[in-house]
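Here is a short note for a colleague who is opening this structure for the first time. The points are numbered so that each can be checked against the model in turn.

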Amino acid sequence: MTSTLRPPPPAPPRSPAAAPSPAPRSPRRRRSWRQALRRDWQLYSLAILPLLFFLVFRYLPMIGNIIAFRRFKPGGSIFGEYWVGLRYFRMFFTDPTFWEVFTNTLVLGTLTLLFCFPLPIVLALLLNEVRARRFKRFVQSVSYLPHFLSIVIVAAMVMQLTSIDGTANQLVRIVGGDPVAFLQQAEWFRTIYVSSEVWQTVGWGTILYLAALTTIDEDLYEAARIDGASRLRQTWHVTLPGIRPTMVTLLILNIGSFMAVGFEKILLLYNPLTYPTADVISTYLFRMGFQSSNFSYAAAIGLFEAVIGLILVLSANLISRRTVGTSLW
């Protein structure tokens, strides 16, 4: 007598209600941030002063942008007397002087970016190849010391060097030329400004790149040498990719300050004779606001400059993230 084994009946389908629900968040997890705050409140308290600084000196003044759309009179309401809409924006959009100033800003910003961004990278790569430590430290010290000088001192040094009896004109006399009033001629201002910026900022940028170079794994260089790569190819395929995040970060920050071209230094160096090439948006709105007392007009120009800077930062960050894969956020 044989018995037939029957397969077990299929299990009934589980209803959606029977699906396991995610475990509720434990009260301990919800209270973790409170416990961290109680445990490390000394560390969190260190952020209070920086946050207050940004709140008082960066965010609260943004409320004053309202006077770009309202008529402001000294002595009246800090938010303006009455609404004028886009009147001041139409004024500077139709002002030929503003577009001359805007062009100067673009030219000076482009020249500063072209020279002041790649030169620290080149100097850092050169110093990275130096094996004499004393010479390397000497070059580093000499190159980054100008960064700690006040803008006023730098401007005074530039004036002395380029004056009629300054060092530059003494060299001109040696080669048989006539003295040149460099700071009274508009065609010389951009050269003088960019040269002083290079002298003052290249050394400090070099320190940042040298710090980034120390994070590159030495095994990568060893592997490149085994493959027969020369020093130039090691720099191109190992060193530059290793410092690429630092390069991208500094590039985005430089683009963000593109429109705010050296206001203090230009204000100290320029004069009415050099306005055709030296006057930029920041100095123009300074004259409109504090010398002409047209605060609403100056606020409109400043708001326009800030919007352009924001667009540049966002665009540079987006392009960097999509092309290079590195960005600030």
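1. Ser-282 counts as buried, because its relative accessible area is 10%, and in this predicted model the residue belongs to helix α17. Once its neighbours within four places in sequence are left aside, Ser-282 is in contact with Val-261, Phe-263 and Glu-305. A further pair to look at is Ser-282 and Ala-298, which are separated by 16 residues in sequence and by 9.4 Å in space, taken from C-alpha to C-alpha.

2. Helix α17 spans residues 281-291, and its buried residues are Ile-281, Ser-282, Thr-283, Tyr-284, Arg-287, Met-288 and Gly-289. Which elements cover these buried residues of α17? The cover includes α6 (96-116), α15 (263-269), α16 (275-278) and α18.

3. Just after α17 comes Ser-293, with a positive phi of about 60°, and this value is found although Ser-293 is not a glycine. Most residues other than glycine have a negative phi, which is the reason for drawing attention to this position. Ser-293 sits in the loop between α17 and α18, and it is classed as partly exposed because its relative accessible area is 39%.

4. Is Lys-265 buried or exposed? Lys-265 is part of helix α15, and it counts as buried because its relative accessibility is 2%, where the cut-off for buried is under 20%. Not counting residues up to four places away in sequence, Lys-265 touches Ile-151, Val-154, Tyr-193, Ser-196, Glu-197 and Gln-200.

5. The packing of helix α14 (residues 244-256) with helix α18 (residues 295-323) deserves a separate look: the two axes are 8 Å apart, and the angle is about 160°. α14 is therefore roughly antiparallel to α18, as angles over 145 degrees are counted in that way, and the crossing of the two helices is right-handed. On the α14 side the contact is made by Val-248, Ile-252, Ile-255 and Gly-256, and on the α18 side by Gly-309, Leu-312, Val-313, Ala-316, Asn-317 and Ser-320. Sorted by class, the contact of α14 with α18 holds six nonpolar and four polar residues, and no charged ones.

6. Helix α14 also packs with helix α13 (residues 231-242), here at an angle of about 55° and with the axes 4 Å apart, so that α13 is oblique to α14. The residues that make this contact are Leu-240, Pro-241 and Gly-242 of α13, together with Arg-244, Pro-245 and Met-247 of α14. By class, the contact of α13 with α14 has four nonpolar residues, one polar residue and one charged residue.

7. How do the axes of helix α7 (residues 118-129) and helix α11 (residues 186-213) cross? They come within 8 Å and cross at roughly 55°, which means that α7 is oblique to α11, and α7 passes α11 in a right-handed crossing. From α7, the residues Leu-119, Pro-120, Ile-121, Leu-123, Ala-124, Leu-127 and Asn-128 meet Val-198, Val-202, Gly-205, Thr-206, Tyr-209, Leu-210 and Leu-213 of α11. The residues of the contact of α7 with α11 divide into eleven nonpolar and three polar, with no charged residue.

8. Finally, the annotations can be set beside the model. In an unreviewed entry, UniProt places the feature "domain: ABC transmembrane type-1" at residues 102-316; this span is 77% helix and 0% strand, and its end C-alpha atoms lie 20 Å apart. The UniProt annotation "transmembrane region", again from an unreviewed entry, covers residues 41-60, 101-126, 242-263 and 295-319. Over residues 41-60 the chain is 85% helix and 0% strand, with the end C-alpha atoms 26 Å apart, whereas over residues 295-319 the chain is 100% helix and 0% strand, with the end C-alpha atoms 36 Å apart.

Notes: Residues are numbered from 1 along each chain as its sequence is written. This is a predicted model: local features need pLDDT of at least 70, side-chain atom pairs count only at pLDDT 80 or more; totals for chains, interfaces and linings use all residues. Side-chain values use heavy atoms; hydrogens and water are left out. UniProt positions are given in the numbering used here, feature names are shortened, and annotations may be inferred rather than shown by experiment. Axes are lines fitted to C-alpha atoms, for helices over the stretch in contact, and angles run from 0 to 180 degrees between N-to-C directions. Angles under 35 degrees count as roughly parallel, over 145 as roughly antiparallel, 65 to 115 as roughly perpendicular and the rest as oblique. A crossing is left-handed if the near helix is turned anticlockwise from the far one by less than a right angle, and right-handed if clockwise. Contact means heavy atoms within 4.5 Å. Ala, Val, Leu, Ile, Met, Phe, Trp, Tyr, Cys and Pro count as nonpolar, Asp, Glu, Lys and Arg as charged, and the others, Gly among them, as polar. Buried means under 20% relative accessible area, exposed over 50%, partly exposed in between (1.4 Å probe, protein chains only).
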